[in-house]
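Biologist: I have the sequence and the model open. Can you walk me through the strands and the surface?

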Amino acid sequence: MGAAQTRRPWATEDLDTLGSGKAEIQIGFELDDAFRSPALPLAGRLVRVPTIALAAGLGGRAEFQILFPAWNHFTPGLGDSLNSVGDVVIATKITILGGL
């Protein structure tokens with residue numbers, strides 16, 4: 001992804017971590033009719049379904065996250081459609097200065 005491109009441009013996320021012993025699952029889809037690859041000369045429609053996001057609280061100040069777009073379907077302006085399995089993203093969220 002390019003520096004100006006976000007992972008999920010219309011998604012927002014809570015600033016706080018989930019908290020110890022709590023978990024969250026999100027299931028959805030992504031549709032981008034004007035997709036442009038930042039690394040390759042590709043443009044067209046990109047569909048990702050389902051997108052699965054898992055998060056678990058690790059103590060009061062940390063959170064572990066996994067994002068998995070299970071299936072990608074890309075239809076370029078010209079040419080054949082492409083299908084692939086999505087890339088898994090693993091991340092953490094840590095509260096450094098809480099209560100300020």
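Predicted model: local features only at pLDDT ≥ 70, side-chain atom pairs only at ≥ 80, totals over all residues.

Biologist: In what sense do β1 and β2 pair, and over how many bridges?

Modeller: Strands are DSSP runs of E with at least two residues, numbered from the N terminus. Two strands pair if DSSP finds at least two bridges between them. β1 covers residues 23-36, and six residues lie between β1 and β2 in their hairpin. The pairing is antiparallel, over 11 bridges.

Biologist: Which residue of β3 is the bridge partner of Ala56?

Modeller: β3 spans residues 62-69 and pairs with β2 in the antiparallel sense over seven bridges. Their hairpin has four residues between the strands, and Gly59 there takes a positive phi near 85°. The partner of Ala56 is Phe64.

Biologist: Which residue of β4 is the bridge partner of Arg45?

Modeller: β4 is residues 72-76. Five bridges join β4 to β2, and the two run antiparallel. Arg45 is bridged to Thr75.

Biologist: What is the order of elements in the protein?

Modeller: The protein has zero helices (H or I runs of at least four residues). The strand count is six. From the N terminus, the order is β-β-β-β-β-β.

Biologist: Is Val49 buried, partly exposed or exposed?

Modeller: Val49 sits in β2, residues 43-57. Buried means under 20% relative accessible area, exposed over 50%, and partly exposed in between, with a 1.4 Å probe and protein chains only. Val49 has 33% relative accessibility, so the label is partly exposed.

Biologist: Which residues make the nonpolar surface patch?

Modeller: A patch takes residues with over 30% relative accessible area and no salt bridge, with nonpolar side chains joined within 5 Å. A salt bridge is a Lys or Arg side-chain nitrogen within 4 Å of an Asp or Glu carboxyl oxygen. The patch here is about 400 Å². Its members are Phe29, Leu31, Val49 and Trp71.

Biologist: How much of the protein is buried?

Modeller: The protein exposes about 7400 Å², and carbon and sulfur atoms supply 61% of that. The chain has 100 residues. The buried share of them is 21%.

How values were computed: Residues numbered from 1 in each chain as written. Heavy atoms only, no water. Areas by Shrake-Rupley, 256 points an atom, 1.4 Å probe, with all protein chains shown as cover. Patch = residues over 30% accessible without salt bridge, like charges linked within 9 Å, V, L, I, M, F, W, Y side chains within 5 Å.
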